[in-house]
Amino acid sequence: MHSVNLVCHEFVVAVSFVACIAGLLLLCDRKQEKNEWEETERILLRMSFTYWLVYCVAFSIEKVILPEWSAVVMSLRITTALSYLLTFSCILSLPLHKFAVHEVEE
């Protein structure tokens, strides 16, 4: 059962890797935002996709590297943990930013 969950997680990570690339491509709009608040929101979304992309890459490399390379595996685990937390903080910042913009407008 554990191996089924691991394969499922690896599949979700692979799909989310492709989704992150698509999201970053969609956010690479060449036009400049007229509103500072919209630009901040766009930057937060880019950061979220980028941090999750780092998580996906580090997770994938961790699965490929041999377990004998403990220093590399440990640094990859730290990278995955930090990128996971940074992604979470960016996603949490999006509604907080919207709330702050809404409060300023009123």
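How far apart along helix α2 are Trp-52 and Tyr-55 in terms of helical turns? Being three residues apart in helix α2 (residues 36-64), Trp-52 and Tyr-55 are separated by about one helical turn. What you have here is a predicted model, in which local features need pLDDT of at least 70, side-chain atom pairs count only at pLDDT 80 or more, and totals for chains, interfaces and linings use all residues. Residues are numbered from 1 along each chain as its sequence is written, and side-chain values use heavy atoms, with hydrogens and water left out.

**Overall fold**

- The protein chain has three helices and zero strands, in the order α-α-α along the sequence; helices (H or I, at least four residues) and strands (E, at least two) are DSSP runs, numbered from the N terminus.
- Of its 106 residues, 25% count as buried (under 20% relative accessible area; exposed is over 50%, and partly exposed is in between, with a 1.4 Å probe and protein chains only).
- Among contacts (heavy atoms within 4.5 Å) with a separation of 6 or more, 68% come from residues 24 or more positions apart.

**Aromatic residues**

- The structure holds four aromatic pairs; rings of Phe, Tyr and Trp (its six-membered ring) pair if their centres lie within 6.5 Å, and planes under 30 degrees apart count as stacked, over 60 as edge-to-face and the rest as tilted.
- One of these pairs is Trp-52 with Tyr-55, stacked because the ring centres lie 4.4 Å apart with planes at 20°.
- Tyr-55 is buried at a relative accessible area of 10%, while Trp-52 is partly exposed at 21% relative accessibility.
- Trp-52 also pairs with Tyr-84: their ring centres are 5.9 Å apart and the planes sit at 50°, so this pair is tilted.
- That pair links distant parts of the chain, with Trp-52 in helix α2 and Tyr-84 in helix α3 (residues 70-105), 32 residues apart.
- Tyr-84 is partly exposed, at 47% relative accessibility.
- Together, Trp-52, Tyr-55, Phe-59 and Tyr-84 form one aromatic cluster.

**Annotated spans**

- The unreviewed UniProt entry places the feature "transmembrane region" at residues 6-28, 49-66 and 72-94; such annotations may be inferred rather than shown by experiment.
- Residues 49-66 are 89% helix and 0% strand, with end C-alpha atoms 28 Å apart.
- Residues 72-94 are 100% helix and 0% strand, and their end C-alpha atoms lie 33 Å apart.
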